[in-house]
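Q: I have a chain to discuss before planning my reading of it. Could we go through it together?

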Amino acid sequence: MYRARALVNYFGGQGQFAGWLLTKNAVPGISCASTRNYNVPVASEPFLNGSSSQYVEDMYNAWLADPASVHASWDSFFRNSAAGGVGYQSPPSLAPLGKNEVLATSFLPALAGATGGGHVSEKVIDDHLAVQAIIRSYQIRGHHIAKLDPLGINSADLDDRTPQELLYSHYSFEDDDMDRTFKLPSTTFIGGKEKQLPLREILRRLELTYCRHIGVEFMFINSLEQCNWIRQRLETPGAMEIGADEKRLILARLTRATGFESFLARKWSSEKRFGLEGCEILIPAMKQVIDKSTELGVESIVMGMPHRGRLNVLANVCRKPLHQLFTQFAGLEAADDGSGDVKYHLGTYIERLNRVTNKNIRLAVVANPSHLEAVDPVVQGKTRAEQFYRGDGEGKKVMSILLHGDAAFCGQGIVFETMHLSDLPDYTTHGTIHIVVNNQIGFTTDPRHSRSSSYCTDVARVVNAPIFHVNSDDPESVMHVCNMAAEWRSTFHKDVVIDIVCYRRNGHNEIDEPMFTQPLMYRKIRNTKSALEKYAENLIKEGVVTPDEVKDVKSKYEKICEDALDSARKETHIKYKDWLDSPWSGFFEGKDPLKAGTTGVKEDTLVHIGKRFSSPPPNAAEFVIHKGIERILKSRMEMVEARTCDWALGEAMAFGSLLKEGIHVRLSGQDVERGTFSHRHHVLHHQTVDKATYRPLCNLYPDQAPYTVCNSSLSEFGVLGFELGYSMTNPNALVIWEAQFGDFNNTAQCIIDQFISSGQAKWVRQSGLVMLLPHGLEGMGPEHSSARLERFLQMSSDDPDYFPPESDEFAVRQLHDINWIVANCTTPGNLFHILRRQIALPFRKPLILMTPKSLLRHPEARSSFDEMLENTEFQRIIPDSSVASQSPQNVKKVIFCSGKVYYDLKKAREDRKLENDIAITRVEQISPFPYDLIKSECAKYPNAQLSWAQEEHKNQGPWFYVQPRFETALTGSRDVVTEKESKGWFAKLFSNKEPKPPPEPETETLAETRVVSYVGRPTAASPATGSKAQHLKELSHLLDDAMAL
């Protein structure tokens, strides 16, 4: 605005050089006056500059003495000037306008018609600039005064004031100015085909667009194209008009949404169902987004949502069979295994025909816990995986929709973490449509006490997502923003937010009393008609439908519900598998659920992968790699030639051999490309060219599966959730999340507890996700020492008092029946096997793997190729192989341990020359506990004292997990066989093949009870000391205790 004003002042303002020319009505005198007054507007006189003023003055004096003494052009010039006209008129230019040039006359309608060169009024310029400012103010701030609250009692932005910029009186306009016509700037579309409008009409159209039932926040977006796209779809006259058929469709959908809730309320009045009353428009809104998206080419939609309205979404959006929903209210027993979950947490997967677009659509609602918003990253990961496997690099076929509550959207940090994945190359889903069910209350908390921002949606501004606030009681406005959101996502592949401002007719749930805390609001709600009643009345007034038609639609849906209830009453059991959100078609069929594939490979494969992984890029002459990397590659090649591998090489062998077999591998987390400890180097960087990289594992074989290794944002909760979602999509992929240090995994504790540990039991959903957690006390302080191994073990679902029956399938049956696998490997060979075993198993289980730090480069932490060849497998325990094992009768002490501490114990034993007296056995797989191997290992050393050694403190680490299980392994067990023990529950669901029946449980008691003593640090609140000296002192005590006989 300032610049435009300055420009006009420059051309038409006074006070410039030769300003004396501007005084009007100067009459030429007979003689030279001491002061001469020219009446020539400077705008017409570009030649009036300092160097020519003397020449002009001489000409003027000559003309005053004798007009015939000067050239005819000067005579005309001075004559016109003296008469108050334009002194000089330049000839018209036919040349095209240059870049960023416009005709001066196009600014002002007043100038366009000017034939003379009279001075342009400064007020005209100011008024036009003011009109531009008003238009821009409505675009930026109109949402603040939009009528968004269907109850009419709150401001959605928590501020009842009207911004001054939206008042025309703020700009010095009077009522007389209302009918003046103003030219419209190029930044608005309110005129349609008209280029100028009266001020009254400009304000009316702006009010209708920005201050009625839609409030839009978009002017913060730093793209003119995107802002204009939104302006055009909002401002163009008639943009929101829809036909009678569309209105009837909205009414029918709204009737079903309302009818479903009222049916449940009548039949199960005292049941919690977290109904949608007060925001029934959500159902037509979601259906509209899906219709428009499928019309634009989307074939699959993954949805995540909280509990409110979930049953309605399953019934009316996904079209889940109603009788399956109604059986959830009947309190029936499950026909299949698992502990199940409440009905408003369950997911589903449906493929159906979209009747509006006549195209097939896949809809998945991801199961979720009560932890609001925790499902967001899971949905994004599942969506990204589906896009990946379909080759949908731009997100045109697969998209995600996330539903949120207002209090959770602004209150939960995971929303921000998930938003920040939206544009990262390896995490983007190419735009998500977020729909906020804005009840204007969180449980019992008023919005003024639950957020500091104006709106609950302000978090979306950080990713330049446009935000459409809309009044839920105006169904047509809701449909308009839904169409815009779907088109925006399809056009720009960026996130977009629809904020449906509504209310909650009941309390937090149906048996909660809201009048305790919101008496005024709920008094108003009780006197408010439903959106369906209001809309039906409007359509009857418009003549679109008759009252009989409204009743007919309602009664038809009522009958559908009654019929489904009759059908549900005949059911005797519920089935958890009816609610599976990620079915793996064909994965379980025809497999023996207790037969795992082999994990060893041919030596040629190991050598080929090792050499490729150890070689510089093929164009090494042009690709400048770091000298340090050259040394690392050289040492790797030497290891391959010596038929050994270290940790990084063992991991690469596992990945490479799976890629060769067509298994996609994805490794994600903070700094995983290089590795926190600079050991991995899966991405080599050109030292002189930015962004030029080489990935050895992507170039092993011409027909290999894709390998993805990607550094993530600095987030654990969000990224672990994302990778979990990614792993749910396809069982034939190895998906790995690595923590920077294992200590930081507790930032993602919600994903671990609510999804990974219990997901299979609650939702019949398997995942083969691997968590790599660097763990070990090495004097690095309390936050760089412990992955909290004890927490994972505590959540393991095996019974410490039950020794499973021994059989050939003992190990795989244990894996089949537990909720996850927890291991702490000490050799690269075992790491190789356990990673490959994730794919070789006939089912999927999460793997929690404690990984080393100092062992990455420890000279003894190496494996020969012989440990990875065909006919080798993962070793659940690694027995002692020293001289002690050759004369077990003479061994005085057997130390069981897990992880890095083994190498400390081994060195201490050598230093003290106790190889004949002490055997050290490594427990590599801690959970499920290897009872059979522990039992035989203890029996092998009949005269030895038994100890468990760990570097963690006594109240941490594996001790509390292994202690009762050692007792069970040594003394036999009570016979704990559940009803469903004979066949694993997932096998029952998905396999026709019967597993071999287990042998009868044997309960045996050894003649003499042996106990296992504890060796390690004492109990402590902190995982480790921050003092290096104290750390070494504690380690010394531990080793002394362990070696004491």
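This is a predicted model: local features need pLDDT of at least 70, side-chain atom pairs count only at pLDDT 80 or more; totals for chains, interfaces and linings use all residues.

Q: What is the mean pLDDT of the chain?
A: The mean is 87, and 88% of the residues reach 70 or more. pLDDT is the predictor's confidence in each residue, from 0 to 100.

Q: And where does it stay under 50?
A: One such stretch is residues 1–44, for which the model has 66 contacts beyond four places in sequence; a contact means heavy atoms within 4.5 Å. Over residues 1002–1007 the pLDDT is also below 50, and that stretch has eight contacts beyond near neighbours in sequence.

Q: What share of the residues is buried?
A: Of the 1045 residues in the chain, 56% are buried. Buried means under 20% relative accessible area, exposed over 50%, and partly exposed in between, with a 1.4 Å probe and protein chains only.

Q: How many helices and strands are there?
A: The chain has 32 helices and 28 strands. These are DSSP runs numbered from the N terminus: helices are H or I with at least four residues, and strands are E with at least two.

Q: Which strand order does the open sheet of seven strands have?
A: The order is β17-β14-β18-β19-β21-β20-β26, with mixed pairing. Two strands pair if DSSP finds at least two bridges between them. The edge strands, β17 (707–711) and β26 (925–927), each pair on one side only.

Q: How many bridges join β19 to β21?
A: Five bridges join β19 (residues 770–774) to β21 (residues 847–851), and the two strands run parallel. Within this pairing, leucine 773 has methionine 850 of β21 as its bridge partner.

Q: Changing topic, how many aromatic pairs are found in the whole structure?
A: The search finds 35. Rings of Phe, Tyr and Trp (its six-membered ring) pair if their centres lie within 6.5 Å; planes under 30 degrees apart count as stacked, over 60 as edge-to-face and the rest as tilted. One of the pairs is tryptophan 74 with phenylalanine 77, edge-to-face at 5.7 Å centre to centre and 90° between the planes.

Q: Where do tryptophan 74 and phenylalanine 77 sit?
A: They are three residues apart in helix α3 (residues 72–82), so about one helical turn separates them. Both tryptophan 74 and phenylalanine 77 are buried.

Q: Why does the pair of tryptophan 488 and phenylalanine 492 count as tilted?
A: The pair is tilted because the ring planes stand at 50°, with the centres 4.6 Å apart. These two residues are four apart in helix α15 (residues 475–492), so they too are separated by about one helical turn. Tryptophan 488 is buried at 0% relative accessibility, and phenylalanine 492 is buried with a relative accessible area of 14%.

Q: Which elements do the buried residues of α28 pack against?
A: They pack against β24 (893–897), β25 (918–923), β27 (945–953) and α32 (1028–1043). Among the buried residues of α28 (residues 901–911) are Val901, Tyr902 and Leu905. Just after α28, lysine 913 takes a positive phi of about 55°.

Key. Residues are numbered from 1 along each chain as its sequence is written. Side-chain values use heavy atoms; hydrogens and water are left out.
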